[in-house]
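Me: I'd like a close look at one part of this model, please. Take your time and walk me through it.

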Amino acid sequence: MSFIVDHYNYWIVVFLMMAGFYIVIAANNLVKKIVGLNIFQTSVFMMYISIGKVTGGTAPIAAEGITTYSNPLPHVLILTAIVVGVATTAVGLALIVRIKRAYGTVEENEFEDKEDLI
Amino acid sequence: MAEIIDLVLLAMLAITALSVIFLKDLFTVVMLFGIYSFLSALIFVNLDAVDVAFTEASVGAGISTVLMLGTLALTGRKEKANNHKAILPLLVVCVTGGALIYGTLDMPPFGDPNNPAQQHVAPRYIQDSPQEIGLPNMVTSVLASYRAFDTLGETAVVFAAAIGVLSLLGLPKQDRAAIQSGLQSHIVLRVVAKMIIPLIVLFALYVQFHGDYGPGGGFQAGVIAAAALILYALVFGLPMATHVVSPNLLKALAAIGVLIYAGTGVVSLFLSANFLDYNVLASDPVAGQHIGIIAIELGVGITVFAAMLSIFYAFAAQAERKNIQ
């Protein structure tokens with residue numbers, strides 16, 4: 001049982017990462033690909049936060065009478081990564097809007113045989 | 001108890017991700033992704049990462065969902081069925097996943113206080129930062145002081161992404177004759193929005209300035225403030241929103257935020273300390289740290305607010321142009 005509890009978070013992380021990976025390479029629609037990319041990204045966030053967790057610890061905000069805190073460093077890295085992630089997602093979505101305008105479609109197999117318009 | 005919550009929430013997350021794979025209706029996919037973000041936020045709370053949960057709830061479930069819906073409005077809601085077989089991708093994913101699962105068997109046990117990650121710099125941050133920086137929230141101390149250079153880079157990336165979106169899509173013109181748009185006819189929505197928008201802005205300011213003591217900070221505050229104006233734009237229409245906060249002002253604000261951040265670093269350089277070393281900003285090092293952190297959090301908040309709102313304006317202007325045509 002403890003073997004499962006020790007590794008459960010990492011297994012789910014791998015599952016989510018592979019689900020995102022599968023969507024990115026198998027989906028034909030570009031918006032869905034972006035969703036897949038985001039799922040992939042969130043799995044990495046989950047990985048970092050899982051590594052920072054200390055059993056019996058609390059949120060890293062100093063308070064009297066508390067001695068065990070979870071690791072604040074992964075929190076800092078992931079907090080900024082989330083905001084940067086949405087900003088880069090926005091760039092991806094903007095590119096999709098331009099692709100739609102140029103080719104009239106966002107399905108990958110439909111515009112790959114069209115000539116270069118951009 | 002926390003382990004059981006963790007177990008259930010992570011399983012729900014996996015189910016949500018799985019259903020995204022099979023669904024063809026992109027509107028549902030985007031909504032599920034919003035749920036996915038909220039579930040992640042809950043898991044982050046359970047894993048003690050309250051600041052991260054805050055960010056994920058406001059960014060992932062709020063801004064991302066709005067932007068994806070904006071894209072769907074322009075590109076269509078249905079994913080077309082594709083005929084080509086997905087066996088090769090499945091094979092690649094299974095092999096990679098199997099290798100990664102094998103790798104996790106060597107990972108140190110989850111939550112063990114003796115894990116290598118807990119032995120490196122974290123003890124110093126946890127033990128010394130409340131005295132050295134004078135703030136109870138260690139995440140803010142690390143984000144804004146110990147690793148301020150890192151955060152400067154991330155703020156610059158947000159700024160650069162906003163520039164990227166604006167150069168791809170362009171901002172709405174402010175002087176365009178206001179057309180009837182938004183959800184003006186929904187009177188309940190209009191009254192409720194009017195009532196809660198000031199509260200959202202107030203909450204954003206609270207998150208901005210209370211971030212040193214509790215969860216929060218510039219990143220979250222900027223996103224929440226942007227969400228208030230996005231709500232305004234959704235209910236009252238884009239022309240009204242651009243009347244309140246003009247696109248040109250946003251362009252300036254995005255740059256001003258980065259300038260405030262970098263400027264704080266330059267000031268400390270002139271006071272003969274290292275770049276972004278706040279100890280010299282006041283006679284007392286702890287007071288100096290306070291001034292520095294408030295200044296750079298303000299810079300982060302302004303840039304994130306301006307970047308998120310101008311990205312939304314760019315998408316909304318595209319959708320509006322499509323409606324006119």
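How many residues does the contact take from chain B and from chain A?

Reply: Happy to take you through it. This is a predicted model, in which local features need pLDDT of at least 70 and side-chain atom pairs count only at pLDDT 80 or more, while totals for chains, interfaces and linings use all residues. Residues are numbered from 1 along each chain as its sequence is written, and chains are lettered from A and ligands numbered from 1 in the order in which they are written.

To your question: 85 residues of chain B and 70 residues of chain A take part in the contact, where two residues are in contact if their C-beta atoms, placed from the backbone, lie within 7 Å. Helix 3 (residues 50–75) of chain B supplies the largest share of the chain B side, 15 residues; helices here are DSSP runs of H or I with at least four residues, strands are runs of E with at least two, and both are numbered from the N terminus. That side of chain B divides into 59 nonpolar, 17 polar and nine charged residues, with Ala, Val, Leu, Ile, Met, Phe, Trp, Tyr, Cys and Pro counted as nonpolar, Asp, Glu, Lys and Arg as charged, and the others, Gly among them, as polar.

Now to chain B itself. Chain B has 13 helices and zero strands. An automatic or database domain assignment divides chain B into domain 1 (1–120) and domain 2 (137–325). The centres of these two domains, taken over C-alpha atoms, are separated by 26 Å. Their contact takes 14 residues from domain 1 of chain B and 18 residues from domain 2 of chain B.

The core comes next. The largest nonpolar core has 131 residues, and A:Leu16, B:Ala226 and B:Met308 are among those with the most contacts inside it. Such a core is a set of buried Ala, Val, Leu, Ile, Met, Phe, Trp, Tyr and Cys residues joined through C-beta atoms within 7 Å; buried asks for 20 or more other C-beta atoms within 10 Å of a residue's own, exposed for 12 or fewer, and partly exposed lies in between, with C-beta atoms placed from the backbone. Helix 13 (residues 285–324) of chain B gives the most to this core, 17 residues. Both domain 1 and domain 2 of chain B give residues to this core, so it lies between them. Leaving aside neighbours within four places in sequence, B:Ala226 is in contact with B:Ile63, B:Phe305, B:Met308 and B:Leu309.
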